[in-house]
Structures are given as structure tokens and as C-alpha cells.
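User: I have a structure I'd like to go through with you. Let's look at it first.

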Amino acid sequence: MSIRISPSILSADFANLERDLQRIADADLVHVDVMDGHFVPNLTLGLPVVQRLGEVSPVPLDLHLMIDDADRWAPRYAETGAFSVTFSAEAAADPVSTARAIRSNGARASVAVKPGTDLEPYLETLDEYDMILVMTVEPGFGGQSFMPETMVKLARARDAVRASGLDVWLEVDGGITTQTIVTAVENGADTVVAGSAVYGGSPVDNIAALRAAAATVALTS
Ligand code: DX5
Ligand code: ZN
């Protein structure tokens, strides 16, 4: 299986986002972190910027909402034409209704869980989601260290998806390097976010290095 790479523009130059999107044209997706300064102690961008990013991006938008009141806002982000909308489980009062609203607005529906959040309720309603995002750091900032203890949860999700027969993607986000991507893929990740590991240096070379590292697992498992 070929692993999808989703570079995070949190590590791009916010004064040159269109240029930095072109630099990752050979990625599979682009990961856009929406932070509201409430759900996480950091603030990035909102609906009008996401709308324009979608219009100029060479690859589909993989939105990651780290904002309060996900039930209200996630469907609005889906309306922008984004390929995928991930909301934070901890910020949603009614995750299933929110996932359905995302789908009915034309995007893939996905839910993210923080390292300390139980995944089981989402695995019990797996058919409502197109992707599960297992956070491998505490959300809020780029450049943090990968938390290996999250791999138990990822492997459990992988087993649940396999048992279901559903085509639900499994994404990891935070602290991904050419080393930690191997661990994540071994435990079931098929979609991998990387911010500092892509934009620190040459994005084209870094994406190729991440793909090569991921492929070493695909060849042996
Ligand atoms: C963190 C964000 C990540 C971040 C990852 O809350 O959700 O997407 O950009 O950055 P790296 O890959 O540098 O850990
Ligand atoms: Zn993210």
C-alpha cells in the first residue's frame, strides 16, 4: 500500500502560502491546521483563508480543525469545497451528526482524538467516518516530539477498520520524521502529516525521503 503524505502548512511561510503550496505539489494532500486560540492555545487562520487556499492549491485540502463548537463550524468548512474535514472529538457535542453534516456538504468526514482521548466510541460508529486522526502529539504547535504511547490506539484502530471491511483511512499527526513514520506505518497509519519534517529544508526532497522510509515497511509487512 502506498502511504499518503500530507504536509502541514503550519510550518510554511504564512506570508507566502501560495508559493509554499506549489512546493508540495507532489504530495498527496495538504494539511491545513485551523486553530482558534481556545481549543488550543494558538491561532492560525479561518474560513476566508481556507477558501482561497482551496482555490490555489495543487493538491486537495486536508483540514484539521482545532476549534471549539465543532458541531457548528465543521459543516461550514466542508462547504468551502475542502476534500476532507477533521474535527476534534473533544470539541464536538454530537460527533455523528457533525460527521453526517460534513459528508452532506461534500467533504470526507474525519474525527481527531488527542493522545489522552478514548477512541472506542468512534470505532463503534466507524461507518460514519472516512478517516480517523490519531494525534501523536498534544495539538497546538508544530515541531513537538512524537508520542510512541499513542501507537497502541492506532493499532487498535487498524484492527477495527480491518474487521469492519470499511475503507476508513488512518492518519497520524505530530512529530513525524523519517524515523517515526516507520513506527506509525507499522501500526496502521496510511495517511501521514508532516510539518517541520517537510518544510525544514527542501520539501520535494523531504517528501521523497518520507515516502522512501514508509515504503520500507510496506515492503516487509
Ligand atoms: C499540531 C498540528 C500539526 C503540526 C505538525 O497541533 O496539528 O499538524 O503542524 O507539525 P510537526 O510535523 O512539525 O510535528
Ligand atoms: Zn494537524
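**Residues, metal site and overall fold**

User: Start with Ser57: buried or exposed?
Analyst: Ser57 counts as buried, because its relative accessibility is 15% (buried is under 20%, exposed over 50%, partly exposed in between, with a 1.4 Å probe and protein chains only). This is a predicted model, in which local features need pLDDT of at least 70 and side-chain atom pairs pLDDT 80 or more, while totals for chains, interfaces and linings use all residues. Residues are numbered from 1 along each chain as written, chains are lettered from A and ligands numbered from 1 in the order written, and side-chain values use heavy atoms, without hydrogens or water.

User: Where does Ser57 sit, and what does it touch?
Analyst: Setting aside residues up to four places away in sequence, Ser57 touches Leu21 and Val30 (contact is heavy atoms within 4.5 Å). The Ser57 side chain also reaches the backbone oxygen of Val59 at 2.6 Å. That is a polar contact: N or O atoms within 3.5 Å, one able to donate a hydrogen and the other to accept it within protein, with sequence-adjacent residues counted only for side-chain pairs.

User: And helix α2, which residues are buried there?
Analyst: Helix α2 covers residues 47–56, and Leu47, Val50, Leu53 and Val56 are buried in it. The cover over those buried residues includes α1, β2, β3 and α3 (70–78).

User: OK, the metal. What holds the zinc ion?
Analyst: The zinc ion (ligand 2) is coordinated by His31 (NE2), Asp33 (OD), His64 (ND1) and Asp173 (OD), at 2.1 to 2.2 Å. Donors are N, O and S atoms within 2.8 Å of the metal (3.2 Å for Na, K and Ca), and water is not among the atoms, so sites may look incomplete. Along the chain, the donors of the zinc ion follow H-x1-D-x30-H-x108-D. Asp33 belongs to strand β2 (residues 30–35) and His64 to strand β3 (residues 61–66), so this pair ties together parts 31 residues apart in sequence.

User: Asp33 and His64: buried or exposed?
Analyst: Asp33 counts as buried because its relative accessibility is 7%. His64 is buried too, at 1%.

User: Switching to Asp20. Which helix, and what is around it?
Analyst: Asp20 lies in helix α1 (residues 17–22) and is buried, at 2% relative accessibility. Beyond its neighbours within four places in sequence, Asp20 contacts Ala12, Asp13 and Tyr199. Its side chain makes a polar contact with the side chain of Arg19 at 3.0 Å.

User: What about Thr180?
Analyst: Thr180 is in helix α7 (residues 180–186). At 15% relative accessibility, Thr180 counts as buried. The side chain of Thr180 reaches the backbone nitrogen of Thr177 at 2.7 Å. Leaving out neighbours within four places in sequence, Thr180 is in contact with Phe146 and Gly175.

User: Last one, the whole chain. How many helices and strands?
Analyst: The protein chain has 9 helices and 8 strands. Its C-alpha atoms fill a box of roughly 40 × 40 × 30 Å along the principal axes. Of its 221 residues, 56% count as buried. Among contacts in the chain with a separation of 6 or more, 62% come from residues 24 or more positions apart.

Methods. Helix = DSSP H or I, 4+ residues; strand = E, 2+ residues; numbered from the N terminus.
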